[in-house]
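Hello,

Here is the structure we talked about handing over. Please have it open while you read.

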Amino acid sequence: MSDLPLRAQMAVALGRTAAKMSRLAGRGDGSVIGGRIGLKLDPELLTRLARDRKLVLVSATNGKTTTTRLITSAMTPLGQIATNAFGANMPTGHVSALAAAPDAKYGVLECDEKYVPLVLRETGANVVALMNLSRDQMDRAAEIWLLAGKWRKALEAAPHSHVIANCDDPLVTWGASTAKSVTWVAAGQHWREDSWSCPECGGPLDREGVDWGCRECSFSRPRPDWILHGERVTAPGGRTYELTGLQLPGRANRSNAVIALAVVSRFGVEPETALPLLAQVKSVAGRYTTVEHEGRTIRLLLSKNPAGWLEAFDVLQPAPGPVALSINAQGPDGRDTSWLWDVDYRILRGRPVWATGERRLDLAARLEAADVDFTLVDDIDQAVMAVPPGHLDVIANYTAFQHIRTRYGRVV
């Protein structure tokens with residue numbers, strides 16, 4: 001840090017002070033305000049802090065926080081890792097993460113999909129991991145084909161960055177295909193509702209098993225280097241490894257894990273070393289964690305868009321286990337809740353279901369249309385106390401999830 005220009009050193013110091021004050025005031029971890037002040041004082045601070053480090057950018061519509069945590073855990077044999085572990089995934093958060101670990105030679109940064117071109121340009125990241133692109137709230141996220149197009153331009157202009165990309169997602173494949181160097185990972189694609197037409201020419205995409213290809217042009221699934229099949233992963237060279245030791249549940253986290261393995265292998269961390277470190281991750285910023293309250297074991301699941309809800313349904317306790325659903329529509333969530341109609345809630349039939357959150361009436365209308373029996377409650381406490389002692393799964397979108405975490409004991 002001492003080799004930074006004086007102005008940058010002052011920006012870092014004042015940013016840290018602001019972050020500390022934010023934490024003391026109970027306003028969060030301070031990473032956003034600290035980075036914002038740092039960039040105000042020195043607009044080139046991110047580039048300065050990234051210099052002489054080996055950096056990974058991790059981006060996707062779903063799973064980037066978890067995958068960032070997995071990669072960071074697997075890279076610990078290399079030494080200290082700078083990372084934005086709690087999801088501050090815009091340049092302000094990146095500045096705070098790098099400033100907090102001035103001696104770290106490596107960094108793993110979760111990056112919002114919209115900011116990939118900017119952050120890649122300013123950091124020159126060594127590796128960019130791209131996992132999935134699916135519909136999100138339109139009032140807070142760009143149209144996903146536009147995002148993929150911006151990825152293409154950014155990667156074409158970054159010939160020294162190596163890309164790790166999920167070749168099972170056609171839109172990710174298209175976004176990554178201009179990169180000079182790519183490792184293709186068959187990480188799976190459960191949500192396919194945004195992948196029926198070719199991003200190259202607009203023609204229909206045909207699927208046969210795991211393979212896909214355009215009926216009207218040559219755009220097709222690349223041959224994968226890493227392959228996820230069930231609870232096993234095959235690495236380049238053909239050796240197969242078991243993923244059964246993972247503590248994070250569900251197929252989405254197996255997809256996240258194989259991406260992490262492919263990333264860390266670029267830095268010389270082999271699967272034999274990485275897998276036990278992946279298995280140490282039990283929860284990520286509260287996701288998948290359980291809390292005890294009045295005899296109830298509450299498991300918290302975060303879902304922000306249709307693809308995320310599909311993955312949350314995948315890890316629910318077997319029917320007829322109870323479920324509480326909580327929906328807000330604040331700024332970080334997106335104000336528009338019409339995306340609820342893209343989620344197939346019929347899978348909840350036969351379960352006790354409670355609906356809450358600021359937009360519980362919107363949720364109630366959707367559940368009623370899906371013929372799901374539910375109870376409308378004013379807040380999460382009513383849902384929790386209505387459940388007999390035992391297990392309760394809670395699925396919530398972003399601000400509702402953060403409220404519930406705080407209510408029942410903030411956990412990492």
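Predicted model: local features only at pLDDT ≥ 70, side-chain atom pairs only at ≥ 80, totals over all residues.

Residues are numbered from 1 along each chain as its sequence is written, and side-chain values use heavy atoms, without hydrogens and water.

**The pocket**

The second largest pocket holds about 800 Å³ of space. (A pocket is an open set of points on a 1 Å grid over the protein atoms alone, where a 1.4 Å probe fits, with protein on both sides within 12 Å along at least five of seven lines; lining residues have an atom within 4 Å of a point. Volume is the space filled by probe spheres set on the points, which are joined across faces, edges and corners.) Its lining has 43 residues. Asn62, Asn132, Ala252, Asn256 and Glu311 lie nearest the centre. Helix H9 (251–265) gives at least two lining residues, as does strand E13 (296–302). (Helices, H or I of at least four residues, and strands, E of at least two, are DSSP runs numbered from the N terminus.) The largest share, seven residues, comes from H9.

**The sheet**

Six strands form an open, mixed sheet, in the order E12-E13-E17-E14-E15-E16. (Two strands pair if DSSP finds at least two bridges between them.) The edge strands, E12 (290–293) and E16 (375–376), each pair on one side only. E14 (323–326) and E15 (353–356) run parallel, joined by four bridges. Val323 has Val353 in E15 as its bridge partner.

Best wishes
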